[in-house]
Amino acid sequence: MAKVEVVMPQMGESVMEGTVIEWAKQVGDKVEVDETLLEIATDKVDTEVPSPEAGVLVEILVEADETVEVGQPIAIIDTDGDASASDSDDSGDDEQEESSSEEAPEEVEEETSSEDSEPQSDSGSDSGESDEGERIEVVMPQMGESVMEGEVIEWLKSVGDTVEVDEPLLEIATDKVDTEVPSPEGGKLVEILVEAGDTVEVGQPIAIIGTGKAASGGSSAPKKESKSKAEEKKQEAPAQDKSESQPAPAAEGSEPQRVGSDGRFFSPLVRSIAKEEGISQEELESIEGSGKDNRVTKDDVLQYLEDRKEGKTKAASKSKSSGLSKPGASASGKSTGKISAGELNIASPDENVEVIKMDRMRKMIAEHMVRSKQTSAHVSTFSEVDVTNIVNWRNANKKKFQEQTGVKLTYTPIFIEAFIKAIGEFPLINSSVDGDEIILKKDINFGLAVALGEGGKGGLIVPVIKKAQDLNLKGIAKAVYDLASKARNKELSPDDLVGGTITLTNYGSVGNLMGTPIINQPQVAILGTGVIEKRAVVMETSQGDMIGIRHMMYLTMSYDHRIIDGAHGGAFTTRVKELLEDFDPDRAI
């Protein structure tokens with residue numbers, strides 16, 4: 001008997017749960033593939049949930065009016081239900097045959113064996129039933145509390161390969177982390193539903209694992225086409241029959257971006273429709289969204305297409321949206337013999353240059369940085385800090401510290417300790433903004449900007465020390481070391497990268513004096529430490545002004561002026577400066 005779980009599907013990029021309105025089928029009912037099982041309601045839409053397999057509905061796990069989270073099982077389909085149903089229908093005939101079984105036992109045995117020889121193996125009915133196996137859907141997992149989708153980087157297994165439980169199937173990338181997806185069951189990979197480079201929403205099926213006879217590649221039933229391929233085939237015919245008045249599909253290189261220049265996020269479905277219908281990035285950003293935070297929904301795009309078809313709106317010109325006009329060409333297309341910097345076509349440069357395509361991490365960093373600048377009103381403040389006491393104390397205790405803790409003593413945990421003390425006095429620094437509300441965070445989850453690769457060429461990632469306010473200097477030092485090591489060895493988990501409330505970036509590690517870091521959203525402040533240098537400094541003493549050689553460092557903080565005023569931000573950095581300069585040089589480890 002093969003039983004398949006029906007799970008609550010992902011109904012949109014921000015929909016995390018739904019409510020069961022009504023079951024269209026009851027326990028014991030036969031269902032076909034894609035036949036409606038139930039109707040559910042979310043805060044976005046009411047819709048029907050189809051059956052993923054044909055069989056018999058043997059169990060309903062949630063009742064009408066119950067609320068279900070995405071990915072939670074809601075029903076069980078028995079794919080061997082047809083056989084079970086036919087057995088029950090023939091039960092009356094079986095009882096009649098039993099009455100004559102005493103008279104002709106040999107005939108009954110022969111008939112039974114001949115009937116069983118087709119669907120079952122020679123090992124008997126029990127082993128034959130277990131050998132049937134089942135087809136198990138592998139779904140896109142939830143990789144973090146705020147992660148709603150992931151991109152398939154590479155399949156580590158091919159169709160037909162045997163896989164073990166927890167053996168990696170593929171590698172996926174999110175805006176938080178790159179990770180491997182393990183197989184939920186042992187068996188054979190019989191179908192891959194999404195290809196490398198595809199973006200997949202959480203809870204969406206990505207592969208089929210077959211166990212027992214189901215791993216034979218569909219000997220008893222034809223192999224199902226993947227949803228993406230099936231949809232492509234359905235769309236190919238109508239796409240060819242579109243009238244010439246419709247705009248041609250966008251070129252391969254003009255696929256709409258996940259985040260527009262206006263900071264709005266465009267879901268994979270919206271981007272897919274836009275690409276297919278030839279909607280440029282400029283047009284997409286001109287659509288007024290009806291979703292949360294003015295997000296563009298599927299209905300918004302379809303309405304825009306209707307309006308464009310009826311002439312109510314005009315598509316952006318191809319030359320304007322794609323930037324493919326020839327340099328030096330006038331409006332009439334004739335060459336003017338002159339070229340301005342704005343007309344230079346960087347897609348086809350004539351100079352001796354190299355064009356490098358951004359990798360996934362670089363594109364994510366670019367999107368996040370632009371979004372942050374569009375979201376927060378950035379202001380930066382600077383303080384010059386005398387860290388001589390800290391330098392001397394570290395030099396005197398670093399060997400003993402490593403012997404006691406097993407990690408090297410760096411300046412970072414000492415700075416973080418001072419930042420945490422100051423945040424206790426200025427809690428607004430450890431907050432976020434949600435609409436017109438300020439969310440004060442009780443826990444200080446400290447993010448550390450870690451550069452990857454030689455010279456930082458491998459990108460940037462920000463792992464988080466959770467509840468840093470509960471750690472002493474040794475605990476902070478161990479946490480810093482562990483997270484930095486895991487980041488550089490690509491061993492970070494999704495939980496290591498979420499929940500940050502404030503971030504520290506150390507541009508002094510590459511010799512820079514100061515910088516103006518960009519806030520890591522949805523935080524409202526980011527701290528930066530420059531290189532520590534010896535400088536001649538005027539010092540006020542009881543005997544008058546004197547010039548001394550001191551270890552000096554520039555401290556930077558960029559903050560969100562929407563909620564942090566200049567006086568408050570300046571007072572915070574001044575307090576951090578005091579804590580660092582007043583560091584006790586006789587402090588015990």
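This is a working chat about the predicted model shown above.

User: What kind of model is this, and which residues count for what?
Analyst: It is a predicted model; local features need pLDDT of at least 70, side-chain atom pairs count only at pLDDT 80 or more, and totals for chains, interfaces and linings use all residues. Residues are numbered from 1 along each chain as its sequence is written, and side-chain values use heavy atoms, with hydrogens and water left out.

User: How many helices and strands are in the protein chain?
Analyst: The protein chain has 14 helices and 27 strands. Both are DSSP runs, numbered from the N terminus: helices are H or I with at least four residues, strands are E with at least two.

User: How much of the chain is buried?
Analyst: Of its 589 residues, 38% count as buried. Buried means under 20% relative accessible area, exposed means over 50%, and partly exposed is in between (1.4 Å probe, protein chains only).

User: And the accessible surface of the protein chain, what does that come to?
Analyst: About 33,300 Å², with 47% of that belonging to carbon and sulfur atoms. The areas come from the Shrake-Rupley method with a 1.4 Å probe; for residues, only the protein chains shown count as cover.

User: What share of contacts join residues at least 24 apart?
Analyst: 62%, among contacts between residues at least 6 apart in sequence. Contact means heavy atoms within 4.5 Å.

User: On to helices. What describes two packed helices?
Analyst: The angle between their axes and the distance between the axes.

User: OK, at what angle do α11 and α12 pack?
Analyst: About 135 degrees, with the axes 11 Å apart. Helix α11 covers residues 388-405 and helix α12 covers residues 411-425. That makes α11 oblique to α12. Axes are lines fitted to C-alpha atoms, for helices over the stretch in contact, and angles run from 0 to 180 degrees between N-to-C directions. Under 35 degrees counts as roughly parallel, over 145 as roughly antiparallel, 65 to 115 as roughly perpendicular, and the rest as oblique.

User: Is that crossing left-handed or right-handed?
Analyst: The crossing of α11 and α12 is right-handed. A crossing is right-handed if the near helix is turned clockwise from the far one by less than a right angle, and left-handed if anticlockwise.

User: Which residues of α11 and α12 meet?
Analyst: I390, V391, W393 and R394 in α11 meet Y411, I414 and F415 in α12. By class, the contact has 6 nonpolar, no polar and 1 charged residues. Nonpolar covers Ala, Val, Leu, Ile, Met, Phe, Trp, Tyr, Cys and Pro; charged covers Asp, Glu, Lys and Arg; the others, Gly among them, are polar.

User: How do the axes of α12 and α13 cross?
Analyst: At roughly 120 degrees, coming within 9 Å; helix α13 is residues 473-488. That makes α12 oblique to α13. The crossing of this pair is right-handed.

User: Which residues do α12 and α13 bring together?
Analyst: From α12, T412, P413, I414, I416, E417 and I420. They meet L473, I476, A477 and V480 in α13. The contact divides into 8 nonpolar, 1 polar and 1 charged.

User: What about α11 and α13, at what angle do they pack?
Analyst: About 75 degrees, with axes 12 Å apart. That makes α11 roughly perpendicular to α13. W393, F401, Q404 and T405 in α11 meet L473, K474, A477 and K478 in α13. Here the division is 4 nonpolar, 2 polar and 2 charged.

User: Where is K398?
Analyst: In helix α11. K398 is partly exposed, at 37% relative accessible area. K398 and I589 are 191 residues apart in sequence, yet 9.5 Å apart in space, C-alpha to C-alpha.

User: New topic: L170. Buried or exposed?
Analyst: L170 is buried, at 0% relative accessibility. L170 is found in strand β12. Leaving out residues up to four places away in sequence, L170 touches V152, E154, W155, L156, T179, E180, V181 and I206.

User: Last one. Is the peptide bond from Q521 to P522 cis or trans?
Analyst: Cis, with omega near 5 degrees. P522 lies in the loop between β24 (502-505) and β25 (525-529).
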